[in-house]
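I opened a new structure today and jotted down what I looked up, in the order I looked. Here are my notes.

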Amino acid sequence: GESWVSGEISIAHEHFASEKLRDFLGSLWTPLAKENRGQLVVCATLPGEQHSLGLHMAACVAALAGMRVLFLGADMPLGDIARATLQSAAPAVLISVSSAVELTHARNQVGQLRRLLRAETTLVVGGSGAPRGVEQVLWLPGFADLWEWAAARA
């Protein structure tokens, strides 16, 4: 991303590299997530969020820690996230928020999602644009924190 911003590479180069990295990460966590016996976590980004690389990294951490992963991907409507969580009986939802998302907008969407989920469902947010301090939402500042949280549920 920084090389694209500085003009060293084109957007095509940046997208190509991002896609290859997403493919690689998916090849790591997908087989693990299918075999794991830990809790199920639904992974998604908020509506309008097109950046899914952080979500793939988070899914990889969760799967490596022993969790099962239901990966919904980028730009998911809040109602669809809530329905998938209910239908799968997942006890947790993990939302990745990039710095491209405006903080007030992210805070509002995370709050709306919290209200759509069952009270006993854990809602976790992380990423450089993740809002802190949303009531009944667990904010994790980094991948080490995600690892600790996920390992405790595996």
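**Overall layout**

I began with the elements: the protein chain has six helices and five strands. Helices (H or I, at least four residues) and strands (E, at least two) are DSSP runs, numbered from the N terminus. Reading from the N terminus, I get the order α-α-β-α-β-α-β-α-β-β-α.

A reminder to myself: this is a predicted model, where local features need pLDDT of at least 70 and side-chain atom pairs count only at pLDDT 80 or more, while totals for chains, interfaces and linings use all residues. Residues are numbered from 1 along each chain as its sequence is written, and side-chain values use heavy atoms, with hydrogens and water left out.

**Size and surface**

I checked the radius of gyration, taken over C-alpha atoms, against the globule rule of 2.2 Å times the number of residues to the power 0.38. The protein chain has 15 Å, which agrees with the value near 15 Å for a compact globule with 154 residues. Along the principal axes, the C-alpha atoms fill a box of roughly 45 × 35 × 25 Å.

Next I looked at burial (buried is under 20% relative accessible area, exposed over 50%, partly exposed in between; 1.4 Å probe, protein chains only). Of the 154 residues, 44% count as buried.

I also looked at contacts, meaning heavy atoms within 4.5 Å. Among those with a separation of 6 or more, 76% join residues 24 or more positions apart.

**The aromatic pair**

How many aromatic pairs does a search of the whole structure find? It finds one. Rings of Phe, Tyr and Trp (its six-membered ring) pair if their centres lie within 6.5 Å; planes under 30 degrees apart are stacked, over 60 edge-to-face and the rest tilted. The partners are Trp29 and Phe71, with centres 5.1 Å apart and planes at 35°, so I noted the pair as tilted. Trp29 lies in helix H2 (residues 11-35) and Phe71 in strand S2 (residues 68-73), so the pair ties together parts 42 residues apart in sequence. Trp29 counts as buried at 7% relative accessibility, whereas Phe71, at 24%, is partly exposed.

**A look at Val41**

Is Val41 buried or exposed? Val41 is buried, with a relative accessible area of 0%. I found Val41 in strand S1 (residues 40-45). Leaving aside neighbours within four places in sequence, Val41 touches residues including Met67, Val69, Leu94 and Trp149. Ala92 is on that contact list too; Val41 and Ala92 are 51 residues apart in sequence, but 4.9 Å apart in space, C-alpha to C-alpha.
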